[in-house]
Structure formats: structure tokens, C-alpha cells
Amino acid sequence: ESDLHPRKVLERPKVIFNRSTRKFVMWMHIDSPDYRAARSGVAVSDQPAGPFNYLGSIRPNAGIWPEGVTDLEKRPGEKNYLARDFLGGQMARDMTLFEDDDGKAYHFYASEENATMHVSLLTADYLKPAGKFRRIFPERWMEAPAIFKRGGKYYAIMSGCTGWAPNAARSAVAESVWGPWKELGNPWLGQEAHTSYSSQSTCVLPIPGNYEAFLFMADRWTPRNLEDSRYICLPLMFDAVGKPELRWVSSWSLEAAGR
């Protein structure tokens, strides 16, 4: 019955450092083999490479309505998953963490049977939801969120929901982490943009010492042998109006990233 039993699912672990507690905090997608559990697990460590102490899993924001929810969205219905999961907590599958400049951290996760993404503020120690969250990209069926900040604006790179099969990525920008988010289209360019070059976004990392340079990382899944799945790493570029762009290159250097 343990979340960490080999028969269970553990995906997309993300780690951020809490400057106040001096702890490395890991959040991860915890699930059952049939993907019905849809929970978020939390672990902490004194070192980035562990060992991590697993604290357990939750469904986020139990008994709390998201900001901006309407009376209609609170009404029980056959496919009103937000209302269905109100008491027990919202579904949380593909996820990421984002730490803002002010030290506040946010949990982004695919919810409501993957139809709508949620962004949830974490407590000061990053270990629990703080009780404030919003629905973003309603009914857009997005997963694999990668969130970053550039020039005071918030950016997201995500994928559609097609299981292990790759699809065309999506990107979006917002003036606030809470939105509203404006979609910008597929950031990939080139002949294989429709499959994101056989990859799915996982995170975007700022390159230390260069506030305009970012490293894009994505999973390249091997469905029949998942433990042999790989990563791709590429420099993330931007066009003249600030839209993120990704081009496949067989080799590159950190010095060239961000130009």
C-alpha cells in the first residue's frame, strides 16, 4: 500500500531549495497503476542528492475552492470534476515547481481528469498547499508544464495529452503567475515540430550568470522500456517579440545559449 512500492507510479520529481529552512524539497506525481490516485508526494533532504525523507502524499487543496470560481462551477454534475473532488482534494498528475524572485513557490499540476491545470501557492516551508490556487488553461488538456520567468513575465511550455505519444508543444505567457495566460503556439521550429522532436517538456532552467539564457529539458519516452527513457537538453531562444523558440541542434555550447 506504500506510495513507494514498486508497483506504484512515481513521475516528474522536481526539487527546489528553501532558503529559510535550508532544506531541499521534492514534489512528485504519485499514482496507482491505473492512474486513478492522482496524488502529489513530498520529500525533504539536507542535500540535493539526498537521502530524502518521504513525508507522504496528498490530493491538493481539499475543501478549498479556487480563486475566481463561479457558482455554476461549484454545482455538482456528472463531469464537474472540480466539484466532485472538492472535499477529497483535487487530482494532481503531471506537475512542476516554480520559485519566484520573492521566494514564494508554486505547484503547477494537471487536474480535473487532465482537462484543466491548477497553479497552487505553497506554504513558506514549501511542504504543503497554502490554500490559494487558481484554474488556468481550462478545458485545454495540457500536461508536462515547465515554468520560467524572463524580463518580468512568466512563461510556460507544455504538451497536449496524448499518453506516451509525442505531440506538438504549446507555450504561453502571463504578467502574473496567476494569469491570465496568453497562448503563443508551438515553440518548436523545423520538420519535426509536430512531435516536439519526439520529446515532452519537463523543465526550463536559468543558466547561472546570464539572466537571458535558459536550458530547456524534455523527456524522450521509450514506452515499452520506460526505465530506458532519455532526456534532451537544448538552449531556449526567443524571437524579436519575446516568444520562446526551440530548434534542434546536434551540438551546442553554453556560451552560445541565449543569443
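The dialogue below goes through several features of this predicted model.

Colleague: Where should I begin with the strands, and how many of the residues of strand E11 are buried?

Modeller: In a regular strand the side chains alternate between the two faces of the sheet. In strand E11, which covers residues 170-174, five of the five residues are buried, so the strand is largely enclosed by the rest of the structure.

Colleague: Which strands pair with E11, and in what sense?

Modeller: Strand E10, residues 153-160, pairs with E11 in the antiparallel sense over five bridges, and strand E12, residues 182-185, pairs with E11 in the antiparallel sense over three bridges. You can follow Ala172 in both directions, for Ala172 is the bridge partner of Ala156, and Ala172 also stands opposite Glu183 in E12.

Colleague: What is the order of the strands in the open sheet of five strands?

Modeller: The order is E13-E17-E16-E15-E14, and the pairing is mixed. Strand E13 (188-189) and strand E14 (200-206) stand at the edges with a single partner strand each, so one side of each is left without a neighbour in the sheet. E13 pairs with E17 in the parallel sense over two bridges, and Trp188 has Leu246 in E17 as its bridge partner.

Colleague: How many salt bridges does the structure hold, and which side chains meet in them?

Modeller: Side chains of opposite charge can pair when their charged atoms come close. The structure holds 19 salt bridges, and in one of them the side chains of Asp31 and Arg93 meet at 4.0 Å, N to O. That pair links distant parts of the chain, with Asp31 in strand E2 (residues 23-31) and Arg93 in the loop between helix H2 (81-84) and strand E5 (95-99), 62 residues apart. Both Asp31 and Arg93 are buried.

Colleague: Where do Arg84 and Glu113 lie, and are these residues buried or partly exposed?

Modeller: Arg84 forms a salt bridge with Glu113, and the closest N and O atoms are 3.2 Å apart. Arg84 lies in helix H2 and Glu113 in the loop between strand E6 (105-111) and strand E7 (116-122), so the pair ties together parts that are 29 residues apart in sequence. Arg84 is partly exposed, with a relative accessible area of 41%, whereas Glu113, at 14%, is buried. Salt bridges that share partners join Asp31, Arg36, Arg59, Arg84, Asp85, Arg93 and Glu113 into one network.

Colleague: How many aromatic pairs does the structure hold, and why is the pair of Phe148 and Tyr155 called stacked?

Modeller: There are 14 aromatic pairs in the structure. The rings of Phe148 and Tyr155 have their centres 5.3 Å apart and their planes at 15°, so this pair is stacked, the limit for that word being planes under 30 degrees apart. Phe148 and Tyr155 are both buried, and ring pairs link Phe148, Tyr155, Phe214 and Phe238 into a cluster. The charged end of Arg150 sits over the ring of Phe238, 3.8 Å from its centre.

Colleague: Which residues form a nonpolar patch on the surface?

Modeller: The patch is formed by Val249, Trp252 and Leu254, which together have about 250 Å² of accessible area. To find Leu254, look in the segment after strand E17 (244-247).

Note on methods. Residues numbered from 1 in each chain as written. Predicted model: local features only at pLDDT ≥ 70, side-chain atom pairs only at ≥ 80, totals over all residues. Heavy atoms only, no water. Patch = residues over 30% accessible without salt bridge, like charges linked within 9 Å, V, L, I, M, F, W, Y side chains within 5 Å. Areas by Shrake-Rupley, 256 points an atom, 1.4 Å probe, with all protein chains shown as cover. Helix = DSSP H or I, 4+ residues; strand = E, 2+ residues; numbered from the N terminus. Phe/Tyr/Trp six-rings, centres within 6.5 Å; stacked < 30°, edge-to-face > 60°. Buried < 20%, exposed > 50% of the residue type's maximum accessible area, 1.4 Å probe, protein only. Lys NZ or Arg CZ within 6 Å of the ring centre and 35° of its normal. Pairing = 2+ DSSP bridges.
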